[in-house]
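Reader: I am new to reading protein models. Can you take me through the salt bridges, step by step?

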Amino acid sequence: MKEALIVDLNGFITDVTLVDDNVSGIFPFYRELPARSTGEQPQKAVELIGYTIAVPVPEGLHLPKWDFGEERWVEGKPVSELLVLQKASKLAELKRLCTEAIEGTFTSSALGEEHVYSFDMEAQLNFQSTKELMNMHSNFTQTSWKTRDAGVLMHTKEQFTRLWLDGQMHKTNLIEKFRRLEKEMEHATSVDAVNSILW
């Protein structure tokens, strides 16, 4: 057995039913109306109230609707509603990708040659607290810091300040990229235009 969908006369899904695995297609179903007496014999009447559709719904439809003319599933939500939904979905995606990029790694040449540093939330807090300690204590003139490519390396106060600035610029640049894409998305007037915006 497999699921088939019951739709109303407008093609919108109202219920789910089970059919044999080999059943495929569209099947009307009727409701019996109260018998009307027209003389000698009461006459039965039926009314078409919907269809059973044994055709899978394709992915990506927010509100599946059966198109009786084209005999296929189409999008039933109005274009304006779809645009609002897609913008909300795209905004959430951009926020997630921005956060992942910020909390990934950045490169810095604070030591003279380029190294890769972590910038997850723990690293960001450590950067900030170490910078504050260096500013508060004049005898705190160097610190060891772990790189992703060369292990733990010693940084002078000046080198660490440059490293901290590089980390802040890494974060600032990605936030600016997010804001630019967010503005582009806000001005988009179609679902395709929203979908074309990539991180």
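**Reading salt bridges**

Author: Start with one residue. Glu93 has a relative accessible area of 28%, so Glu93 is partly exposed. Buried means under 20% relative accessible area, exposed means over 50%, and partly exposed lies in between (1.4 Å probe, protein chains only). A note on sources: this is a predicted model, where local features need pLDDT of at least 70, side-chain atom pairs count only at pLDDT 80 or more, and totals for chains, interfaces and linings use all residues. Residues are numbered from 1 along each chain as its sequence is written, and side-chain values use heavy atoms, with hydrogens and water left out.

Reader: What is a salt bridge, and how many does the rule count here?

Author: The general idea comes first. Side chains of opposite charge can pair when their charged atoms come close. The rule asks for a side-chain nitrogen of Lys or Arg within 4 Å of a carboxyl oxygen of Asp or Glu. By this rule the count is 6 salt bridges.

Reader: Which side chain does Glu93 meet in a salt bridge?

Author: That of Lys90, at 3.5 Å, N to O. Both residues lie in helix α1 (residues 79–102). They are 3 residues apart, about one turn of the helix. Helices (H or I, at least four residues) and strands (E, at least two) are DSSP runs, numbered from the N terminus.

Reader: Is Lys90 buried or exposed?

Author: Buried. Lys90 has 5% relative accessibility, so Lys90 falls in that class.

Reader: Which residues pair in helix α3?

Author: Look at Arg162 and Asp166. Their side chains form a salt bridge at 3.3 Å, N to O. The two are separated by about one helical turn, because they sit 4 residues apart in helix α3. Arg162 counts as partly exposed, because its relative accessibility is 40%. Asp166 counts as buried, because its value is 17%.

Reader: Where do Arg31 and Glu47 lie?

Author: Take the contact before the location. The side chains of Arg31 and Glu47 meet in a salt bridge at 2.4 Å, N to O. This pair links distant parts of the chain, 16 residues apart. Arg31 is in strand β3 (residues 25–37), and Glu47 is in strand β4 (residues 42–54). Arg31 is partly exposed, because its relative accessibility is 44%. Glu47 is also partly exposed, at 31%.

Reader: How do I read a C-alpha separation, say for Glu184 and Val194?

Author: Read two numbers. Glu184 and Val194 are 10 residues apart along the chain, and their C-alpha atoms are separated by 8.5 Å. Glu184 lies in helix α3 (residues 157–186). With 42% relative accessibility, Glu184 is partly exposed.
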